[in-house]
Amino acid sequence: MSNMLEVAGLTKLFPVRNGFGRKTGDVRAVDEVSFAIEKGKVYGLAGESGSGKSTIARMIMGLATPTSGEIRLAGHSIIGETGTRAYGRKVQMVFQNPGSSLNPRRTVGQSIAVPLAAHGMPGGTHKQRIAELLEMVQLPTEFALRYPHELSGGQKQRVAIARALAVAPQLLILDEPTSALDVSVQARVMDLLVDLGRQLGLTYLFISHDLSLMRNFADTVGVLYLGKIVETGSTASVFEAPQHDYTRLLLASVPVISAEEEAMRPKIPLIDGEIPTAEQLIALRGGAAAVSQRTEK
Amino acid sequence: MSSETLPNAPPRRLSNAYQNWYRFSRNPTAVIGAAIVILAILAALLAPWITPYPEHVGAVVNFRARHLPPSAEYWFGTDNVGRDIFTRVIFGLRISLLLALVVLGIAIPVGTTLGLLAGYFGGWVEIVIMRLTDIALAIPPLVMALAVAAVLSPDLINSMLAIAALWWTWHTRLIYSITRQLRTQEFVEAAETLGASKFHILFREILPNCVSALAVKTSLDAGFVILVGASLSFLGLGIQPPTPDLGTMVASGSAFLPDYWWESVLPGFAILIVALGFNLLGDGLRDLFDVQEVR
Amino acid sequence: MVDALLSVRNLSVQFTTYGQTNEVLKGVSLDVPARSQIALVGESGSGKTVTMRAIMGLLRTPPAKVTGGEIFYDGRDLLTMPDRERLKLRGTAMSMVFQDPMSSLNPVFTIADQMGTILKYADRRLGRSRNRRERMARVHEVLGQVRMRDPERVARSYPIMLSGGMRQRVLIAMALLSEPRLLIADEPGTALDVTTQAQILKLLKDLVEERGLALLMITHNLGVVRETSNYVYVMNKGVVVEHRPTAELFEAPRDDYTKALIAAVPRLTGGTSFGQAGVAV
């Protein structure tokens, strides 16, 4: 199986400046991250806030520039290609907040038409393609005339998905696509994503902090802490036999609703005090985060 | 399955326009403001047909009817050469509104475009545009108009141009700050990733979101432009007689205070009411849109 | 339940916007006995937030209107109580822990200032009086109760200097200042990382047990419900569809909506499968 996406040594540094503008160090938002996604599979990046998962997504999408490292799409390096129209045909993104990823002043149809017009589709064919796309995400075609504020959260997210799929990309980056939605709506949207993935042969990069969701959607998972992947492997193996302390801490913290889930969770007494963020570590003059963390009892 | 409507979100099928109308109509001062503005515009448009003495706009004198107080025959009284003040006020209103139209018609496109460019592109573009704006903002409009009048002739066109040449700066600043905020919104990023052209992003994604702020500012500005225009003509820089102009009427009528007060006070009153109308309208629009921002 | 600390009976509330009226709560009843941990769970639009606001007296009365029912606290109906009496109870008898620690704290005042002000007004309502030193002592005491290692330093800090978890603890401390008997927690920890949330939930549980408080927790997260409550009310579209002891609800849910809700939650064990071809467990 060939790899749709390969990421090697991806790093993003943000300079930390003192009051005079003098650089005093770097925040290693993304620290030498490497992973690969097989064609047609789902790769999950799990992490909490500050872990760097969104930064990675934005670098792959071309909304941010890596400080160093390589990104290869279907074997070709994408440096210099991101931000171009051609790239937009191959990689697209579904953003986290459906309320703000759709322009409130444009109708659904107009929002979906943006990529169609941008990629040179003649205006006469738009209506049909929009209707096709709305059907694909199981929304009535009349919705093309509605404004985002007339839609529910789940419906807005479906529109965002339709828009991302408008020019038939091969890789879809999903940045916390359901975290703003109710649990029952979330299930429907995940159903849709799975079905579309199978139908269209899509490869997914799935970013989430929701471990239960990750467990049931991703084939392979990488656990991110402070910009580094601290553990990676097939979803089942990482969840059932976590090696790294941070992974075990994450799993132990998830509120679950059944005895079986409780039984499979690692038992870690909760530490008093919080695990440090990247800025806090910089402040402590510790520099880059230690890869291995031992939990305190 | 579950209802996804929040208790205080509008029911699904109510359009934006209906909601706006509903809320606007519940605000008494806003409705008054809107009524004044609409009346003023209608009066100005229909001036030749609704005024009792349209010929008094020209070089007409009627010395037997000089300085007459307000009456059934001359609603606002007559001036020092016997012309009906009411008619002249309505025609003067035309000039004022025309002034507002021209000035804002230049200032809005220029200011908005510059603001969009500066806010979205940043870097050199931003620096150049914003510093230019700062320079222009430092010049007081009235002084500028005086300077222009000194160099060219004191004339309405020149005054309008002088004001327009400085008025765009406020629009630039406003649109700049809104664009900067919106630039990081996800729908703008989405447009970028979807391959939209910069023109599209600026004018089809960002600009529509500036419309509410623009509407508020434009209505408030219209009142101010009218005031500035009247001040200029009060100083003698505006339209030359015999064409009626509100500021000029206030000026020339002031020589006859307090005996023939109506010649100065009533045109002044007209300026007040119209400017007030625009202000109330602008405030009402702002209240309307403010609530919407806090979703 | 006669001896419940808080008892909501048949509460109905309607909202009027743009000339249209919606019935948002239709005859909601729930009881919070002393020293119990009750969860009120529902999705957005279920009415759980409106219920909470009605209890705390935070409903804005246009557009909202209570059309029926009573809310009894210690036997007295809050809805018919004169405003001044009701105000006395807020923050003193029952206290709310707000949801978003980022926006619930005023960024330009120190924690000491904010907590001191709350305490001062609460004292005034109860007819007590403390001087500044006594107030600060109480502030430090309460900050210690929420497991802050250095209460004085936290009190001197501005909100921006504290992490999300610490801010949430400050909010809990604020709620504890006047020794309430009932704590209402609005989606505690939802704005925080899951590891921090776990700590906050544990803290809440410990506090409630140590101090003998009653806890009413509003949430949309079923996992939180299971781990932090012993009785749960499930709401949908303005009605309580089911209420049972927590363990029973998860083992054998009776109502269809509850069943569907539980089924929609993805499992850490991996049993859920998405897609038409799969069947949600």
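**Close-up 1. Buried residues of helix H8 of chain B in the predicted model.** B:Glu186, B:Phe187, B:Val188, B:Glu189, B:Ala190, B:Ala191 and B:Thr193 are the buried residues of H8(B). The helix is mostly covered, with seven of its eight residues buried. After H8(B) comes B:Gly195, which has a positive phi, near 90°.

**Close-up 2. The contact of chain B with chain A.** Chain B brings 25 residues to this contact and chain A brings 33 residues. About 2,600 Å² is buried between chain B and chain A, and 49% of that area lies on carbon and sulfur atoms. Two salt bridges are found across this interface, and B:Glu205 and A:Arg106 form a salt bridge through their side chains, at 3.8 Å from N to O. Eight residue pairs, both at pLDDT 80 or more, are in polar contact across the interface of chain B and chain A. On the chain B side, helix H1 (16-25), helix H8 (186-193) and helix H9 (198-206) are the elements that give two or more residues. Sorted by class, the side of chain B that touches chain A holds seven nonpolar, 10 polar and eight charged residues.

**Close-up 3. The contact of chain C with chain A.** Here 38 residues come from chain C and 41 residues from chain A. Chain C and chain A bury about 3,500 Å² between them, with 55% from carbon and sulfur atoms. This interface has two salt bridges; the side chains of C:Glu227 and A:Arg265 make a salt bridge at 3.3 Å, N to O. Polar contacts join 14 residue pairs across it, both residues at pLDDT 80 or more. At least two residues each are supplied to the chain C side by helix H7 (164-176), helix H8 (194-211), helix H9 (222-228) and helix H11 (256-264) of chain C. The largest share, seven residues, belongs to H8(C). The side of chain C that touches chain A is made up of 14 nonpolar, 15 polar and nine charged residues.

**Close-up 4. The largest nonpolar core, with A:Phe217 among its members.** Nonpolar side chains tend to be buried together in soluble globular proteins. This core has 73 residues, of which A:Ile161, A:Tyr204 and A:Phe217 touch the most other members. Helix H7 (residues 183-200) of chain A provides the largest share, nine residues. Apart from neighbours within four places in sequence, A:Phe217 has contacts with A:Val42, A:Leu174, A:Met190, A:Leu193, A:Val194, A:Tyr204 and A:Phe206. A second core, separate and of 51 residues, has B:Ile85, B:Ile95, B:Ala149 and B:Leu281 among its members.

Definitions and conventions
Residues are numbered from 1 along each chain as its sequence is written. Chains are lettered from A and ligands numbered from 1 in the order in which they are written. This is a predicted model: local features need pLDDT of at least 70, side-chain atom pairs count only at pLDDT 80 or more; totals for chains, interfaces and linings use all residues. Side-chain values use heavy atoms; hydrogens and water are left out. Contact means heavy atoms within 4.5 Å. Buried area is the accessible area (1.4 Å probe) that two parts lose on being put together, summed over both. A salt bridge is a side-chain nitrogen of Lys or Arg within 4 Å of a carboxyl oxygen of Asp or Glu. A polar contact is a pair of N or O atoms within 3.5 Å; within protein, one must be able to donate a hydrogen and the other to accept it, and residues adjacent in sequence count only if both atoms are side-chain atoms. Helices (H or I, at least four residues) and strands (E, at least two) are DSSP runs, numbered from the N terminus. Ala, Val, Leu, Ile, Met, Phe, Trp, Tyr, Cys and Pro count as nonpolar, Asp, Glu, Lys and Arg as charged, and the others, Gly among them, as polar. Buried means under 20% relative accessible area, exposed over 50%, partly exposed in between (1.4 Å probe, protein chains only). A nonpolar core is a set of buried Ala, Val, Leu, Ile, Met, Phe, Trp, Tyr and Cys residues joined through side-chain atoms within 4.5 Å.
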